[in-house]
Amino acid sequence: MKVLVTGGTSGLGLAMASALAATGATVALTGRSGERAEAVAAGLPGAIGVEMDVRDESSVARAVDEVWTRLGGIDMLVNNAGIGMRTVNPRFMTQPQGFWEVAPDAFRAVIDTNLTGYFLVAREITPRMLASGGGRIVNISMNHSTMRRAGFVPYGPSRAGSEALSRIMAADLRHTGVTVNELLPGGATVTGMLPEDVTAEGHGFLSPEVMGPPIVWLASDEAVGVHDERIVAAEFEQWLRDRESHQ
């Protein structure tokens, strides 16, 4: 399995890239800094690091072309690159701002990364997957509560948009051989998106490693044909048992 993980240098992306590499997948992880991406990839077996700015279509095209050439194709895309509320309001967990207090440039930056970025990368890779006979796309999402929580503009709208995008992608690609699924942690997760003072206090936050088992399963033979599912990582074992009981 040849997998491209965007935003794979830290947080959820690194946790998923690490889990995939540990099971034998060939992983390409991306970051805005090519040097950082290469350095992080060097710590994973068989992985490569590639520079990609998901907000820029020319950067996306160059990176996808490089990964496709170096890996000999891409079997799975994990759309993960994103930025959070810390970039808009560093104290968003304890001192939330109203939407009218958000700077337009900050709003655009989050939407461009978290929503437009998913679109640009999938748009670049999907025709290649279709031409090669199939592939898998996994879009990383968040809890619905995040999408309507006070003080969560623009992060909430960006994730709501990416979730709608995922469902439409799945509808567009049904019966084509390219599958689309969503994966989300299932709660606040200890990544760079959360303020350090909040995570230090400990509030039952999830570890990024919660994403490992479901992403490895989605890359496995067992997941062939699985399409248009929304999988909560923290509930993955129960979800899998329920799925198997209905088959």
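Arg55 is partly exposed at 35% relative accessibility, a class lying between buried (under 20% relative accessible area) and exposed (over 50%), with a 1.4 Å probe and protein chains only. Its salt-bridge partner is Asp53, with the closest N and O atoms 2.8 Å apart; Asp53 is buried, at 18%. The model is predicted: local features need pLDDT of at least 70 and side-chain atom pairs pLDDT 80 or more, whereas totals for chains, interfaces and linings use all residues. Residues are numbered from 1 along each chain as its sequence is written, and side-chain values use heavy atoms, without hydrogens and water.

**Salt bridges**

- The count is seven salt bridges, each a side-chain nitrogen of Lys or Arg within 4 Å of a carboxyl oxygen of Asp or Glu.
- Asp65 and Arg128 form a salt bridge at 3.3 Å, N to O.
- Because Asp65 lies in helix α3 (residues 57-71) and Arg128 in helix α4, this pair ties together parts 63 residues apart in sequence; helices are DSSP runs of H or I with at least four residues, and strands are E runs of at least two, numbered from the N terminus.
- Glu163 and Arg230 meet at 2.9 Å, N to O, linking helix α5 (residues 155-173) to strand β7 (residues 230-232) across 67 residues.
- Glu163 is buried at 9%, while Arg230 is partly exposed at 26%.
- A network of salt bridges links Arg167, Arg174 and Asp228.

**Nonpolar core**

- The largest nonpolar core has 70 residues, of which Ile140, Leu183, Ile215 and Trp217 touch the most other members; such a core comprises buried Ala, Val, Leu, Ile, Met, Phe, Trp, Tyr and Cys residues joined through side-chain atoms within 4.5 Å.
- Helix α4 (residues 104-132) supplies the largest share of this core, eight residues.
- Beyond its neighbours within four places in sequence, Ile140 is in contact with residues including Leu12, Tyr118, Leu183 and Met211, contact being heavy atoms within 4.5 Å.
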